[in-house]
Amino acid sequence: MAGIRLSITGAGSNGAPGNGNGNGGGKPSPTPPATSRFSGVITLGDSLIDAGNALGLAEWYDGLPFQDLPEGAPTAELGYFEGRFTNCYTYADLVTNKYTGKPSQSIFPYGYEEPTFGIRIAPFEPEPKDNNLNWGYGGAQIRGGGPIPNLYDQTDAMRDAADGKYDPGALFLITMGGNDVRELAPATGAVTDAATAATRLQKAADALLGEIGEMVARGASHFVITGLPDVGLIPRYDTDFDGVLDPTPGSELDRARTATQYSQILDDLIREQVVPAARALGAEVTYVPLADVLDDQGNVIEQGALDRILPTLADLHGIALQDLQDNLLQYQDTVFFDRIHPTAQVHALVGSLIHATLEGMEWIEGRPLASDAIDLSFAGSIDTAGEVDTFTVSLRRGDTWTFEMLGMSTLGIDGSLADPLMEILDPRGKAISEFQPGSGEDSGLGFDALLTFTAGRSGDYAIRASATGSLTGDYVIHGAMAEPVAGTSLRLFVNDSSLLTVG
Ligand SMILES: [Ca+2]
Ligand SMILES: [Ca+2]
Ligand SMILES: [Ca+2]
């Protein structure tokens with residue numbers, strides 16, 4: 001921005017009055033949030049939320065070819081992140097981290113029963129007792145069989161670990177059903193006819209309600225249930241990789257449309273039957289649709305999470321929204337990490353929507369600062385849980401500044417911090433609490449932070465950059481002054497561990 005004179009006067013600690021945290025950095029003290037609505041977050045489901053169970057299972061099977069697992073094994077060699085079916089944390093991890101200060105934690109091999117004989121493979125494994133357990137497996141169905149634990153198997157193991165009693169203060173997050181649909185409308189192999197599929201999907205919905213009912217009877221009282229994704233959108237339906245769903249009868253387009261139709265049937269059953277019935281049992285249930293909710297005429301009556309984040313993805317990738325919506329298969333890399341699963345960026349964006357919905361807060365998606373508006377930028381990294389990086393800027397009273405701390409939600413780069421946290425101390429060392437509307441730790445895109453405030457006095461302000469919970473990763477901070485004022489000067493102090501660029 002023209003008219004701003006920057007002078008970088010040094011690095012390291014500074015003499016700002018009342019600011020004893022000038023050089024920040026390197027104090028690992030991850031703490032759960034001081035006030036959390038939930039005492040824990042327990043996850044059940046499939047590859048969208050798996051935190052490493054399917055990978056553990058694939059490695060245990062050893063001789064079993066990985067392709068026998070419906071999803072394939074999410075190994076690090078293929079770019080998957082710590083057993084997730086994506087390149088960083090999932091939305092379940094990020095919601096769990098909000099409430100417990102930790103991402104979701106896999107439980108394999110606890111409770112896993114070898115399917116041929118029904119014998120537990122790790123009978124002496126201690127019962128996991130943490131408040132962030134994840135029982136989900138990639139490839140899992142609500143009702144299906146096979147070597148992958150379905151919902152019954154997952155709840156059986158969970159019940160054993162909890163000695164039959166669930167924490168009434170915990171949140172139970174459930175994402176399931178996509179694989180039940182995929183089995184009925186696979187990309188290759190026999191497609192199940194509509195009447196049979198309807199019966200099977202009704203049984204899946206009934207099974208889901210049955211398990212939730214048992215969980216409620218055992219003390220569970222808070223649930224967040226995601227609707228089904230539109231399974232027909234997954235690029236795998238383009239089996240010949242030509243970027244087009246071939247329209248010949250019975251071929252790719254037919255299968256994808258059938259998968260969309262079956263997804264919608266199960267989604268409707270969950271929303272219209274399972275959720276109200278669970279509420280009638282006394283449970284507090286938050287339902288977050290992933291795909292659009294349609295009426296009988298096919299009109300959208302509620303946008304699903306994917307449609308709500310597509311404008312962001314379109315903006316970030318410089319694609320017209322309509323073009324992206326109409327040609328998702330061609331632009332699949334904007335949404336999908338592999339040919340089935342979303343990117344970690346999509347997970348972060350969706351996670352922030354789920355979190356805002358749970359909190360009953362407005363979901364604020366402030367766009368990043370335009371590059372020509374940025375007056376200064378820092379890049380840094382939270383390398384250990386609990387680390388805080390501090391940057392000091394000298395501001396003049398009356399000037400209005402926006403600072404944004406960007407991570408996975410905006411940058412979408414492997415290794416990006418998935419939930420940045422930023423605090424600003426005034427020249428007296430007091431945390432600023434008065435920000436303009438639209439400011440907050442998650443007010444940027446997804447979980448990225450965006451704070452706009454007017455400097456109440458002239459002097460050195462400390463920007464304290466950290467992560468929510470125990471996350472680590474890379475970030476950038478940008479600052480922009482609302483209106484250029486001739487003659488404004490700005491001093492920057494940066495701790496040694498960070499890079500500084502001034503633009
Ligand atoms: Ca094709
Ligand atoms: Ca946001
Ligand atoms: Ca945040």
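Guide: Strand S12 (residues 376-382) runs antiparallel to strand S18, and 7 bridges join the two. Two strands count as paired if DSSP finds at least two bridges between them. Helices (H or I, at least four residues) and strands (E, at least two) are DSSP runs, numbered from the N terminus. The model is predicted: local features need pLDDT of at least 70, side-chain atom pairs count only at pLDDT 80 or more, and totals for chains, interfaces and linings use all residues. Residues are numbered from 1 along each chain as its sequence is written, while chains are lettered from A and ligands numbered from 1 in the order in which they are written.

S18 has another partner. Strand S14 (residues 400-406) pairs with S18 over 6 bridges, also in the antiparallel sense. Ser377 stands opposite His478.

Is S18 covered or open? Strand S18 (residues 473-481) is mostly covered, with 8 of its 9 residues buried. A residue is buried if 20 or more other C-beta atoms lie within 10 Å of its own, exposed if 12 or fewer, and partly exposed in between; the C-beta atoms are placed from the backbone.

Take Ala480, which sits in S18. Ala480 has 21 other C-beta atoms within 10 Å, so it is buried. Ser371 is 109 residues from Ala480 in sequence, but their C-alpha atoms are 9.7 Å apart.

Contact here puts two C-beta atoms, placed from the backbone, within 7 Å.

Ile463 belongs to the largest nonpolar core. A nonpolar core is a set of buried Ala, Val, Leu, Ile, Met, Phe, Trp, Tyr and Cys residues joined through C-beta atoms within 7 Å. This core holds 125 residues, of which Phe172, Leu266 and Ile463 touch the most other members. Helix H6 (residues 252-280) gives the largest share, 10 residues. Domain 1 (4-30 + 366-501) and domain 2 (41-359) both contribute, so the core lies between them. The domain bounds come from an automatic or database assignment.

Now step back to the whole chain. The protein chain has 10 helices and 20 strands. Of its 503 residues, 49% are buried. Among contacts between residues at least 6 apart in sequence, 78% join residues at least 24 apart.

Some helices, for comparison. In helix H1 (residues 53-61), Asn53, Ala54, Leu55, Leu57 and Ala58 are buried. Strand S3 (105-106) is part of what covers them.

Ala305 is found in helix H7 (residues 305-317). Ala305 counts as buried because 25 C-beta neighbours lie inside 10 Å. Besides neighbours within four places, its contacts are Val288, Pro289, Leu290, Val350 and Leu353. From Ala305 to Pro289 is 16 residues in sequence and 6.1 Å between C-alpha atoms.

Last, a helix pair. The axes of helix H3 (residues 151-161) and helix H5 (residues 194-217) come within 10 Å and cross at roughly 10°. H3 and H5 are therefore roughly parallel. Leu151, Tyr152 and Thr155 of H3 meet Ala207, Leu208, Glu211 and Met215 of H5. Axes are lines fitted to C-alpha atoms, for helices over the stretch in contact, with angles from 0 to 180 degrees between N-to-C directions. Under 35 degrees is roughly parallel, over 145 roughly antiparallel, 65 to 115 roughly perpendicular, and the rest oblique.
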